[in-house]
Amino acid sequence: MNYTSLSDYFKSTYHTKVYKLSLSSGCSCPNRDGKIATGGCTFCSAGGSGDFAAPFTDIEDQLRFAKEKVDGKFSKSIPKEERRYFAYFQSYTNTYGDPQRLKGLYERVLQEPDILGLSIGTRPDCISEEMLGILAELNRKKPIWVELGLQTIKEESAKRIRRGYELPVFEETYRRLKEANLTVVVHLILGLPGESEGDMKDSVSYLARMLSPGDGVKLQLLHVLKGTKLAEEYEEEPFHILTLEEYTRLVVDALRILPENLVIHRITGDGPKSLLIEPKWSGDKKRVLNTLNQAIKNAVREESPTA
Ligand code: SF4
């Protein structure tokens, strides 16, 4: 079993450590502001699935703040002028707004010589032709990744979490993004209510067949967070919460299914501890990462005993 992590990808492409800067574009989300619905996806917290992003303020301030936040992670031997970043617009729907305003904002960020590219989180039903043209143009300057929260391919689950679009919408947008030469990163959530392990693996296998080399996958653990519709649902009728053992097995199986030419951007989520209801074990991030990394190492060793 071989897989390419995001840090492997950064190292082999840029020959240095690269950290992501969490930024805000000031966009809302049509699944929350009434254009599609008002409640949002049931698992989505007030932060719009980007609880660690900087608030929307002047972009210069955001960049300074976000760099200060990650700079401690760089080895002291890397001087400031050699540090490299990828800008990440995570929360809400970052193609949902005035395209020209967003163009200016993204261009401004890409002007920074230490920023290697942009990762833009959005929904597949929110990329107009004008926005697509802007993204394709920016991508000719520096890499632009478009992140789509698919979460599952099972329509019943998509309805239950109120995702607000059906699978063909994702497929059509994926086709348009690839035609425009953009890199696509797809998010899946493992542990959605009512899904069996088989359902989750079906979503993983679907991406294994569909995505192109260089595209990415983010595997996220379902978090039940305070203040969400999912928390109400869970309180009224508790559903199965994955154990750490089950989650670990699913991640290892997913890495076996996904081809090595895809980039695995993440193998777990990071819901804020102050809002976490379940799974409680996910609050101990160190233990979770150690368990996952050890299980992955074991699986690699079992499949290639010389590794
Ligand atoms: S599309 Fe994203 S921001 Fe909008 S409600 Fe769903 S998870 Fe939240």
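The structure is a predicted model, in which local features need pLDDT of at least 70 and side-chain atom pairs count only at pLDDT 80 or more, whereas totals for chains, interfaces and linings use all residues. Residues are numbered from 1 along each chain as its sequence is written, and side-chain values use heavy atoms, with hydrogens and water left out.

Helices (H or I, at least four residues) and strands (E, at least two) are DSSP runs numbered from the N terminus, and two strands are taken to pair if DSSP finds at least two bridges between them. On this basis, eight strands form an open sheet with parallel pairing, in the order S1-S9-S7-S6-S5-S4-S3-S2. Its edge strands are S1 (4-5) and S2, each of which pairs on one side only. Strand S6 is joined in the parallel sense to strand S5 (residues 144-151) over six bridges, and the pairing of S6 with S7 is likewise parallel over six bridges.

Burial was assigned from relative accessible area, with buried meaning under 20%, exposed over 50%, and partly exposed in between (1.4 Å probe, protein chains only). By this criterion S6 is mostly covered, seven of its eight residues being buried. Helix H9 (residues 244-257) is also mostly covered, with ten of its 14 residues buried; among them are Leu244, Tyr247, Leu250, Val251 and Val252, together with Glu246 and Asp253. With contact defined as heavy atoms within 4.5 Å, the buried residues of H9 pack against strands S6 (183-190), S7 (216-221) and S9 (263-266) and against helices H7 (197-210) and H10 (285-303). The expected span of a helix is 1.5 Å times one less than its number of residues; the 14 residues of H9 should therefore span 20 Å, and the end C-alpha atoms are 20 Å apart, in agreement with that value. Within H9, Thr248 counts as buried because its relative accessibility is 8%, and, leaving aside residues up to four places away in sequence, Thr248 touches Thr291, Leu292 and Ala295.

In helix H4 (residues 129-139), the buried residues include Met131, Leu132, Ile134 and Leu135. The cover over the buried residues of H4 includes helix H3 (99-111), strand S4 (115-122), S5 and helix H6 (167-179).

Rolling a probe the size of a water molecule over the atoms shows where empty space is left. On a 1 Å grid over the protein atoms alone, a cavity is a set of points where a 1.4 Å probe fits but cannot get out, and a pocket is an open set with protein on both sides within 12 Å along at least five of seven lines; lining residues have an atom within 4 Å of a point. Grid points are joined across faces, edges and corners, and a volume is the space filled by probe spheres set on the points. The largest pocket contains about 1,300 Å³ of space and is lined by 36 residues, of which Lys20, Lys73, His265, Arg266 and Asp270 lie nearest its centre. Helix H1 (6-14), strand S2 (18-23), helix H2 (59-71), S9 and H10 each supply at least two residues of this lining. Residues were classed as nonpolar (Ala, Val, Leu, Ile, Met, Phe, Trp, Tyr, Cys and Pro), charged (Asp, Glu, Lys and Arg) or polar (the others, Gly among them), and the pocket lining divides into 16 nonpolar, eleven polar and nine charged residues. The structure also holds two cavities of 30 Å³ or more. The second largest cavity has a volume of about 30 Å³, and its lining has six nonpolar, two polar and no charged residues, including Leu190, Leu221, His240 and Pro279.

Tyr9, placed in helix H1, is partly exposed, with a relative accessible area of 23%. Tyr9 and Leu262 are 253 residues apart along the chain, but their C-alpha atoms are separated by 9.7 Å. Not counting residues up to four places away in sequence, Tyr9 touches Thr4, Trp145 and Val263.
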